[in-house]
Amino acid sequence: MAHFDEELDATGLNCPLPILRAKKALGKLSSGQILHVIATDPGSVKDFDSFAKQTGNELLESGEEGGKYSFYIKKS
Amino acid sequence: MSKKLAIIATKGSLDWAYPPFILASTAAALGYETQIFFTFYGLQLLRKNLDLQVTSLGNPAMPMPMPVPVFMQALPGMQGMMTRMMKKKMKSKGVASVEELRELCIEAEVKMIACQMTVDLFDFNTSDFIDGIEYGGAATFFEFAGESDICLYI
């Protein structure tokens with residue numbers, strides 16, 4: 001997945017900062033726009049899934065490469 | 001209508017400052033209306049200048065870099081050293097500071113209520129506390145907690 005409107009580097013941050021920063025970043029986007037989050041916290045995998053379920057923002061894609069986790073979230 | 005989270009924060013050490021602020025800030029990010037009632041030692045978390053400490057005394061579960069006999073843990077300067085070590089470790093692991101988490105709670109409009117009785121009991125000066133908080137008692141807490149979906153005592 002290549003297309004996104006905004007990128008958030010949350011590498012090195014631990015719970016709950018990646019989620020809180022993502023929430024803030026999504027607040028600046030308009031509905032339908034995509035936020036790309038990069039994180040290194042292994043707990044963020046489950047957390048972003050839960051975040052999406054609870055907030056209604058869609059988790060389009062997530063993956064891991066070289067210890068970095070990547071999330072594409074579409075603002076509801 | 002959004003879900004509601006009510007928290008009672010009763011502890012004022014560096015380690016115990018985390019659960020209420022982590023949960024409140026995260027809940028707010030998830031859309032919860034959130035309120036924290038600070039009572040007894042929890043009021044230390046509302047000071048403008050936080051000077052929270054951590055100690056292994058009375059806490060045999062605290063992981064230590066090396067075994068230290070309990071009577072040594074009580075020596076002068078040990079608490080300061082443990083606090084510095086804990087803060088350093090948290091920073092290196094990307095764990096937010098208590099100040100930062102509290103600021104995020106304020107930004108997310110988490111409502112904070114200080115227990116008036118505790119303020120009177122310990123002769124606290126309200127000018128030492130951050131702005132924007134309210135002062136109230138048990139009945140104030142129940143007004144919100146009674147309608148909450150989740151209620152935590154920390």
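Colleague: What makes A:K24 and B:E107 a salt bridge?
Modeller: First a word of care: this is a predicted model. The closest N and O atoms of A:K24 and B:E107 are 2.9 Å apart. The cut-off is 4 Å between a Lys or Arg side-chain nitrogen and a carboxyl oxygen of Asp or Glu, so the pair qualifies. Between chain B and chain A the count is two salt bridges.

Colleague: How many residues does each chain bring to that contact?
Modeller: Chain B brings 14 residues and chain A brings 14 residues. Together the chains bury about 1,100 Å², with 62% of it from carbon and sulfur atoms. On the chain B side, B:A29, B:L30 and B:G94 supply 43% of the area buried against chain A, more than any other three residues.

Colleague: Why is the pair of B:F21 and B:F38 called tilted?
Modeller: Their ring centres lie 6.0 Å apart, within the 6.5 Å needed for a pair. Their planes meet at 45°, which is neither under 30 degrees (stacked) nor over 60 (edge-to-face), so tilted is the word. The two residues are 17 apart in the chain, with B:F21 in helix α1 and B:F38 in strand β2 of chain B. Both B:F21 and B:F38 are buried.

Colleague: And what makes B:F37 and B:F141 a tilted pair?
Modeller: Here the centres are 5.6 Å apart and the planes are at 55°, so the pair again falls between the two angle limits. This pair links strand β2 to helix α6 of chain B, across 104 residues. B:F37 and B:F141 are both buried. Over all chains, the count is eleven aromatic pairs.

Colleague: How do you know that the buried residues of α6 in chain B line one face?
Modeller: The buried residues in this helix are B:F141, B:F144 and B:A145. Looking down the axis of α6(B), they fall within an arc of 95°, so they line one face. In general, residues three or four places apart in an α-helix point the same way, because there are 3.6 residues a turn. The buried residues of α6(B) pack against β1, β2 and β5 of chain B, while B:A139, B:F142 and B:E143 are exposed on the other side.

Colleague: How do you know that the peptide bond from A:C15 to A:P16 is cis?
Modeller: Its omega is near 0°. A:P16 lies in the loop between β1 and α1 of chain A.

Notes
Residues are numbered from 1 along each chain as its sequence is written. Chains are lettered from A and ligands numbered from 1 in the order in which they are written. This is a predicted model: local features need pLDDT of at least 70, side-chain atom pairs count only at pLDDT 80 or more; totals for chains, interfaces and linings use all residues. Side-chain values use heavy atoms; hydrogens and water are left out. Buried means under 20% relative accessible area, exposed over 50%, partly exposed in between (1.4 Å probe, protein chains only). Helices (H or I, at least four residues) and strands (E, at least two) are DSSP runs, numbered from the N terminus. The arc is that of the directions from the helix axis to the C-beta atoms. Contact means heavy atoms within 4.5 Å. Buried area is the accessible area (1.4 Å probe) that two parts lose on being put together, summed over both.
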